[in-house]
Structure formats: structure tokens, C-alpha cells
Amino acid sequence: MDSENISISLISSLYSSSSLFHHSHLRLNPTSNLVCKEQQPRRKFSITVQTKSAHLLLFNGFPQSRRHFQFAVVQGEVQTAEEIDQVLPHSQVHKDNGEISNKLLLKMLKSSKTRTQAVKLYQTAKRQPDFQLDSKNMKILANYFVDSEKWFALRELAKDIGTYGLLPEFGILNRILIESVKSRKFKVAEAWLGLIENNEEHRVAAYNVLMRAYMKRRMYDKTISVYRRMIMKGVLPDVESYCFVMAVLRNAGELGRVVGVYKEMKEKEIRPNRVAYSILADTFGKWGRPSEALAVLREMQEAGIKPDRIFYNSLIHAFAVAKMVDKAQEIFEEARVAGCLKDPIVFTTMVLMYVDSGLCERAFEVVKLMKEMDIKVTDCVLCAIVNGYAKKRDPDATVKVFKQLVSLGCRPGQVTYASMINVYTQLGMYATAESLLCEMQIRGYKKCVVAYSNLIAVYGKLGNVNAALRVFHGMKEAGCVPNAWVYNSLIYMYSRVGNLDQVEKLLNEMRGMCIVPNKVTYTSVIVGYNKVGQFDKAIRLFYEYRKDGGNVDRPLAGIMVNAFSKSDRLDELLRFLKDIHAAGLELDIRLHRSALNTLLDSGLNEQVRWFLRSFGPERTALAMN
């Protein structure tokens with residue numbers, strides 16, 4: 001085998017020397033491709049040397065009782081011993097071990113292939129009494145531990161840095177604090193924060209970075225704990241620190257303490273910034289004190305700080321909630337002049353305020369302003385205006401404003417469509433309502449249960465079976481799942497016409513779809529059975545309803561008194577009468593007469609006396625007349 005160009009996977013050679021290793025002692029054994037086992041050193045001595053075509057891994061360390069060195073060559077090609085001599089000069093070996101380790105660390109850490117080995121080398125090197133980690137390797141190690149999420153190693157590195165007296169760069173410290181909080185490794189964050197607490201230049205900024213990281217994840221207790229740690233260390237907070245504390249207290253609902261922190265900041269002659277003013281004004285707004293929030297605005301303007309859109313949004317919202325319409329409009333106009341009306345939310349706030357105050361015309365003017373400013377008009381805004389007019393019991397005006405909104409270029413959503421379908425049905429414009437339903441489907445709103453339910457309910461009350469079924473089947477074809485409201489409307493419709501086969505079919509279909517029948521469902525079915533004289537089925541269904549925890553109201557009580565009376569179930573009638581009497585329900589004149597006559601006809605004199613005492617002689621007199 002040619003010793004000048006050898007391909008090897010692992011070669012081990014043992015040498016002895018009375019002093020430190022000299023490069024001239026290095027020889028390659030071309031006939032050996034296995035580790036020599038005749039002599040094993042106690043401690044390895046590792047270093048990485050790279051030639052033009054090979055990597056040599058030399059373990060750095062000296063055997064304690066034997067003067068031997070083991071050199072392992074990692075897979076590669078070694079050309080000549082002279083080439084290695086050029087790479088590993090004699091003078092380099094005799095330099096301080098710590099300096100060598102830092103250079104090797106830097107070289108190995110820069111390569112992803114040798115980074116893991118470099119970490120192991122660092123663990124070995126730091127046990128040497130004369131080793132001193134430098135700042136470059138510290139930065140690379142810290143970034144590597146963060147990237148690979150080696151949190152324990154990162155925490156240990158913080159201890160090492162403290163031992164070596166190094167000061168981490170603020171950039172890497174910033175990253176470690178943020179990432180450790182993000183991964184909920186709070187002890188790591190605290191360990192690295194401790195490294196810079198005595199550095200007057202960066203410690204306040206470091207505290208702020210950590211508080212911001214906790215705030216971002218809504219860890220308010222942690223945020224306050226950092227602030228308290230800051231105070232205990234004798235560090236004077238800056239305005240950003242105070243802003244974090246004020247924001248935490250505001251979010252926690254401790255509004256009085258927010259004002260106290262603000263006053264403390266002013267007493268320490270720390271000038272508030274825009275954020276501090278905004279938090280304070282928002283606090284007053286949440287406190288229901290918008291006038292004081294307005295005073296904060298004026299103080300801020302006197303200090304030469306211009307309010308931003310967030311400040312104006314908060315202030316407008318505060319006045320809107322307080323129903324102070326004129327003040328809200330005044331601030332809204334001021335924000336418009338200042339060019340701070342950009343968020344759709346503030347327009348929505350104004351629209352809702354006007355609608356709640358019955359000023360629907362002003363709400364419509366806000367929508368016109370939104371279109372002029374090219375701000376998207378949401379379905380929430382349109383629905384609020386439409387419903388505002390609908391609450392005035394003026395469906396004609398509602399239709400008119402809806403058409404005006406559409407003419408402005410506003411596109412209704414499914415909620416607005418559903419509201420308008422209901423308005424058109426109130427006006428008896430059923431064809432228009434169905435046309436609007438088709439338009440809604442064409443625009444992609446095919447699964448609006450409310451819109452279908454409105455039409456089905458109206459057709460059900462009108463007894464228009466064909467129209468109700470047409471909408472019902474269209475609903476299913478569109479992939480919209482019917483709810484209890486839809487089934488109740490259909491059951492009510494069939495109960496009125498006495499078609500109990502369809503009633504039972506719908507009830508079973510409803511249960512098959514895991515839709516739980518409610519009081520309206522049971523009442524409609526019981527009414528249907530009563531209407532055709534099937535009192536036993538009505539009573540059985542009533543007991544099923546009661547077993548499921550259903551309550552009895554006056555209409556249902558009247559229906560069941562009639563069912564028990566006409567089915568001659570006197571014992572059950574008496575129990576039922578006692579139940580409704582205990583529940584505080586009263587019978588109307590017709591049902592009072594029916595129950596009393598049933599008891600009289602049965603000759604139950606004692607029960608009659610109880611009934612008269614329980615349900616009042618006055619009502620009995622009226623019933624007898």
C-alpha cells in the first residue's frame with residue numbers, strides 16, 4: 001500500500017515521549033486500519049486538524065501515569081506527513097492550552113459537521129484550570145443551544161459565563177430571554193438576566209425585554225415579578241417599564257393602581273410617552289370615567305405628543321359606552337381631521353352607538369363617510385342599521401334604507417340577508433323574500449339557517465304547506481342542516497291541519513339527527529294529538545317531556561288539564577292540578593270551568609273543596625257564570 005496516498009477509516013498509533021507532543025513524532029502506519037489495543041491511555045487528548053484532503057481528530061489531554069498519546073484519524077485521505085507538519089507547526093503545540101482550545105472551538109463551532117464535537121470539547125476544556133472562554137465562542141455556543149433547544153446546557157453556560165466574568169452582548173441576551181420565555185423555560189431567562197443586572201448600560205433594557213416577553217403571552221404575574229425584582233435590585237425603571245406595569249394592572253382590572261403607578265412615574269420626573277397616556281386614558285374609559293380620559297388627551301396634546309388612532313379609538317369607545325353621543329361625535333370629528341380614522345372598528349362603534357340611541361339616520365351618514373374614505377363596510381354595520389330601523393316597527397323604512405345601502409355599493413352578508421328576509425315576510429312580500437334568499441345563495445351564503453327558518457316559520461303559520469316544504473327541501477339541497485326551529489315550524493304547521501303522520505315522521509327524523517326536542521316541539525305535538533282526540537298519546541308524550549326535565553307553563557298546563565279531563569284520568573288530573581298549584585300557575589276561566597266540572601261530575605266532593613280553596617272562589621264564581 002502506498003504510504004504517500006492512503007485511504008483510511010480509522011488509524012490509531014501509540015507513541016511515547018518524555019515531554020509534550022512534537023509534530024515530528026507523527027507517523028502513519030499504512031498497514032493498520034484497526035485501532036491498536038496493545039496500550040490504552042487513561043485520558044485522551046483531542047484536537048481537530050484539517051489538511052487539504054483530511055480531518056484528523058486528536059484527543060486533547062495527557063495520560064497521568066503513562067507517557068503515551070493516541071491519535072485517531074477520522075475518515076478521509078491523508079497525503080503526506082510533511083503536509084501535516086505544515087498544518088500543525090511545532091510552535092503551535094507549545095502555546096497555552098486555553099488559547100488553543102478557544103481557536104479550535106471557534107473553528108469547530110463554525111462548521112455544522114463538527115459542532116457537536118466542539119460542545120464536547122468545550123466540556124472537556126472548561127475543566128482545565130487555565131481555560132478561559134472568549135466572547136466569540138460564548139456567542140456561538142449560546143446561539144447553538146437556543147437553536148437546538150438545549151435549555152439545560154444554556155443555563156449551565158450562563159453559570160460558566162458568570163465564572164469567567166464575561167458580559168453577554170445585548171443582542172444575544174435579548175434573543176435568549178425571548179426564546180426561553182416562549183418555551184416556558186423561566187429559570188433559563190432568570191439565569192441570563194442575572195448576568196447583566198449589574199451592568200448599568202443594558203440592565204433596564206434587559207428587564208424590559210423580559211417583561212415584554214411575559215406580557216406578550218399574558219403572563220401578568222411574571223411581568224410584575226420582573227418589575228419587583230428590578231426595584232429590589234435598586235434599578236430605576238424607565239417609562240417603558242412603567243408602561244408594562246400599567247398595562248398589566250389595566251388588563252387585570254386593577255384600575256385604581258394604574259393611576260397610582262402613573263402618579264409615581266410623574267413624581268420620579270419620568271416623562272410619560274404616548275403609550276403611557278394611552279393606557280391611562282383607556283383605564284379611565286374602562287372605569288366609566290370618559291371625561292377624565294378626555295383630560296388625559298388634552299394633557300398629552302399640551303406635552304406636544306400627538307394622539308394616534310389607538311388613542312382616539314379608545315376614547316370614542318369610552319364615550320359611546322357611556323351613551324355620551326355628542327362628546328363621542330366631537331372626538332370622532334377631531335380624529336377625522338387629524339387623519340386618525342382608519343380602523344373599521346371605530347366606525348362600527350359609532351354606528352352601534354347611534355342605533356342604540358335611536359339615531360339610525362346618523363348611523364347611515366357614518367356608512368356614507370366609510371364609503372367616501374374607502375373603508376370596508378362590514379355586514380355587522382349593515383345588519384345593525386337594518387335592525388335599528390326594524391326595531392322602530394317601520395318595515396317600509398327598513399326596506400328603503402336597505403336599498404340605499406346597496407346603491408352605495410355595500411354588499412350584504414348572510415346576517416343582513418336573513419334580517420331583510422324577515423322584514424319582507426312581515427310586509428307579506430313572500431316572493432321578494434324568496435328572491436332575496438336566491439340572491440343570498442348565489443353570493444355563496446347557502447347555509448344560513450336563520451334565513452331558511454324565517455321563511456319556513458312564516459309559511460308554517462300561514463298554513464302554506466307546499467311553500468314551506470319547498471324552502472325546507474331547498475335548505476337540505478344546499479347542505480344546510482335544519483335545526484330545532486325549522487322542525488318546530490313544520491311540526492306546528494302539520495299539527496294545525498291534523499296531519500299527525502307527518503308530525504310523527506318529523507319528530508322521528510329530528511331525533512335521528514340528534515336534535516333534542518324542546519318545549520315548543522312537545523307542545524306542538526301534544527296540541528296535535530289533543531285536536532284529533534288522541535289524549536292517551538298526548539299524555540304519554542307529556543310524561544316523556546317531564547321525564548326529560550321539561551317545565552310546565554300556563555299554555556301547556558291548560559292543554560294538559562283538557563287532556564286529563566276528557567280522558568277521565570281523574571287521579572292523574574288531581575296530581576297534575578296539585579303540581580301546577582305548587583308551581584304557582586293559574587288556570588284561565590275556560591280551563592278552570594273544565595277542571596271543576598270534571599270533578600263535580602265524578603262526585604269527588606272532597607277534591608272539589610280542595611280545588612275551590614286552591615284556585616280561589618272568585619275565579620270559580622266567574623267560571624260558574
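The model is a predicted one. Its chain holds 33 helices and six strands, and 47% of the 625 residues count as buried.

**The chain as a whole**
- Taking contacts between residues at least 6 apart in sequence, 62% of them join residues at least 24 apart.
- The chain has an accessible surface of about 32,500 Å², and carbon and sulfur atoms account for 50% of that surface.

**Helices α13 and α14**
- Helix α13 spans residues 274-286 and helix α14 spans residues 290-302; they pack with their axes 7 Å apart, at an angle of about 165 degrees.
- Because that angle is over 145 degrees, α13 is roughly antiparallel to α14.
- The crossing of α13 past α14 is left-handed.
- On the α13 side, the contact is made by Arg 274, Tyr 277, Leu 280, Ala 281, Phe 284 and Gly 285.
- On the α14 side, the residues are Pro 290, Glu 292, Ala 293, Val 296, Glu 299 and Met 300.
- Sorted by class, this contact of α13 with α14 comprises eight nonpolar, one polar and three charged residues.

**Ala 363 and its neighbours**
- Ala 363 sits in helix α18, which covers residues 360-372.
- With a relative accessible area of 0%, Ala 363 is buried.
- Leaving aside residues up to four places away in sequence, Ala 363 touches Val 351, Tyr 354, Val 355 and Ile 385.
- Val 351 is twelve residues from Ala 363 along the chain, and their C-alpha atoms are 4.7 Å apart.

Technical notes:
Residues numbered from 1 in each chain as written. Predicted model: local features only at pLDDT ≥ 70, side-chain atom pairs only at ≥ 80, totals over all residues. Heavy atoms only, no water. Helix = DSSP H or I, 4+ residues; strand = E, 2+ residues; numbered from the N terminus. Buried < 20%, exposed > 50% of the residue type's maximum accessible area, 1.4 Å probe, protein only. Contact = heavy atoms within 4.5 Å. Areas by Shrake-Rupley, 256 points an atom, 1.4 Å probe, with all protein chains shown as cover. Axes fitted to C-alpha atoms, helices over the stretch in contact; angles between N-to-C directions. Parallel < 35°, antiparallel > 145°, perpendicular 65-115°, else oblique. Left-handed = near helix turned anticlockwise from the far one by under 90°. Nonpolar A, V, L, I, M, F, W, Y, C, P; charged D, E, K, R; others polar.
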